[in-house]
Structures are given as C-alpha cells and as structure tokens.
Amino acid sequence: MTLTISDLPRDLKKKIFSRIPLRYVRALRLTCKEWETLIKSRSLKIDEEESQMVALMDYNLCLMSKSFNGGDPSTEIKGKLTCFDEQVKVSMLFHCEGLLLCILKDDNTKVVVWNPYLGQRRFIQVRFSHIPGGWDQFSYALGYYKNNNMMKSFKLLRFFDYFYTSNDFVFYEIYDFDSGLWKTLDVTPYWRIRFFDDIGVSLKGNTYWCAKERKPEWNADPFIIVDHIICFDFTSERFGPLLPLPFRAMKESLVTLSCVREEKLAALFCRDVVVEVWITTTIESDKVSWSKFLTFGVGDCPMIYSCTGSFFIDEVNKVAVIFGQPLKRDKVFIIGEAGQVRDVDLGEPAHQDSWLYVCPYVPSLVQIKQPPGCKRRRQSSSENRRYKRNMMRLVELEKYHIAMEPKRGDKTI
C-alpha cells in the first residue's frame, strides 16, 4: 500500500505545510479544501536567521531573502511572484500588513491590492486616469483603521500635488474597502514630499513620508532637502504635524525611511562618507523621538550615495542593507558595524527606466474584502460636486501644460 500525504497525521502535515516556500502556496491551496485549511492555519513565525522581502525589479515582483547565518549577512533572489499575466508590468509597490499595493505600468485605470500568501487580490478602479502633462505624478498609500469589532478595515489614499506653478493644484482622495467608494479629502498641504521619493512607509496602519515645510519660493525645485517626516492617519483621515528628523540634511545627502519589525521607524542618513541610522523610541502620528542606532564610515564606497528608496537593518547583528542602482545596475550594499562594505551585483535591468524597490514581507492571513455586490452604494451628491470641481481645475492645469509646450516648428537651441 502506497502512503500518501493525506494518510499522515494532521500534526505532521501541519509541520510539512509550515515549510512550504511562499511562491508555491497559492497552487497548493487550490488542490483541496483540507490543504487550504492547513495552509491558512500554519504558523507564520519567520526564522530569525532569515527574513523575506518583496523586490520590484525590472517591473517584476520577486521574492528575496536576507539571512545573517553566523553573523555573515547575505541576500538571495528566490524567484518571481506571480499575480498577473507575464506581460503585466508593475511600476510602483507599497506594503502594509502583508498586503501589496501594485501600481500597473501600462494601465492607469486601476490598481491592485494583493495578498501573496492567501492568493487573494482586488482590483480597484480609479475615478480618473488622465495624467496631466503625460507624467504620472500620483502618490499612493495603503493603511487601515480598527472598526467597532476591532477588525482592520483597509483604505487606499491617492493624491496629486502639483507645485510647479504659482497656483498649486492638489487633489487628495481616499478609497474605503468596506463601502467601495471614493471620497475627496479637504487637504491644504503645508508640507512637500519629494516626487521621486514618495513611497511612504507603513507602520501600525499609518503611512510616513520624508517631507519639508512648504514655501512658495521652493516650488521650482523638486530636489528639496527634507528635514521632517509626516504621517497620514487612516483613522482620522488627516495628516499630522511635521515631525523633525534627528539630523541636519544637505542637498547631496541621502535620506530615506524604513520600518523595523513593523514596530518602529528607521531613518538612514548618508553624508560626508558617513552613514547614520536612527530608530524611533516613540512614534505616533503627532509625536516622535529618536535614538542613534549605528554610525558607519563608507569612504571606500561612494556609490552608496546613488541609492534611493530601500534599506533594512538588523538590530541583533548591527548590519545595514541598502539597495540602489549605481551605474544603471541593481545592487545591494551590506554594511557591517565596523564599516566594512560588501556589494552584491543583481545584474543590469532590461528596462533602464525601471526602479529597484524592496520592502520587508511577513506572510499575513489578512483577508482582502471584496467589493460590494448588487447593493453597491452610490456617491453622495455633495461628493459628486467636490469631484467635479477638482476635474475642472485639472482641465485648467492641462491647458497650462499645453500652453507651456514648444509650438511645432520651434527649434530648440
């Protein structure tokens, strides 16, 4: 008699399923109801020696691991994550509580929220998809609040902040997963977020960005020197005050945020061949305090200055892992406590305009609520009026872009 996996004791089957690599989970869940139940109930504890990351590389999503075996840090690409057809490209990636928000490169009519662990996804239709000036300047954030049953209810923030004219144009809206409706937010920003560094960091349901006080005389310069962070609170649907960073940044310095075990924020600051890493000791939407965690000297590796967007730290081994694209190649820089730097070349991307971005990933059993069925709610009349007013302003912005474009036949000197 041949023994099959179905004949094994349930406890043994649980141990087997707990070791299944993430990329195979979706296929196994579809095998039978018993396997689906076992996979959903499996332990989500991640080995402290190895943790997982999701990387956006060459418009594809990949599963990566970083390990510190014996204190020797390393990274490895495990393989591609499959949520879409092979032809679908992802231009931006956001992470919150095990859910991934994917912005599609060639389809600006919708976004996708995906739980790779459970294989669930939800397509969200945006209210308008026209891109002023032909350049996608929308920013996004995924977060949640706890409802009356203390369950997590997710929301999607989408905003457009155009600050290159004398009359700024801002449009902030939020999508509620429960109602399936968009709502225009009344926001008058007194801050600026760098357009090339606007991927926020999710922490405890809220999202944080590097930012600076808004001043009209700086509107023409997109390369602002950030000296604060700012938080969007998904419970109150409001931005908090500007919160100070613990260092003084300069124009050529690298400043970026990350999260630590989904409990704290970390800020990386690189200047004058020195890398500083600070960790929050207190972090709320309206207050913050910092403690210096590490200081590295990286004088022999100037390419670190060209990194943007992604870094991680290991508190136990005192190691920083920084991702970047110096010389048009995807690279990982691993910096030890003594300042030793090791770089790992991930290769040259096929698409030179693609961006390397990496976020930590912990498998999650969070269910993605699907859109309401036949009893779908409608937008209120007041919301429709607010939306139409913004669309009229958007038309005026588009006319401005057209007027600023060189006329056909004009020669560029």
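Predicted model: local features only at pLDDT ≥ 70, side-chain atom pairs only at ≥ 80, totals over all residues.
Let's start with one side chain: that of Gln 120 reaches the backbone nitrogen of Ile 368 at 2.9 Å.

Residues are numbered from 1 along each chain as its sequence is written, and side-chain values use heavy atoms, leaving out hydrogens and water.

Is Gln 120 buried or exposed? Gln 120 has a relative accessible area of 18%, so it is buried (buried is under 20%, exposed over 50%, partly exposed in between, with a 1.4 Å probe and protein chains only).

Now, salt bridges: a side-chain nitrogen of Lys or Arg within 4 Å of a carboxyl oxygen of Asp or Glu. The structure holds 18 of these salt bridges. In one of them, Glu 97 pairs with Lys 152, with the closest N and O atoms 2.7 Å apart. Why care about this pair? Glu 97 sits in the loop between strands E4 and E5 and Lys 152 in strand E9, so the pair ties together parts that are 55 residues apart in sequence. Strands here are DSSP runs of at least two residues, numbered from the N terminus. Glu 97 is buried at 17%, whereas Lys 152 is partly exposed at 34%.

One more pair, friends: Asp 107 and Lys 110 meet in a salt bridge at 2.3 Å, N to O.

Conventions:
Polar contact = N/O pair within 3.5 Å; in protein donor to acceptor, adjacent residues only side chain to side chain. Helix = DSSP H or I, 4+ residues; strand = E, 2+ residues; numbered from the N terminus.
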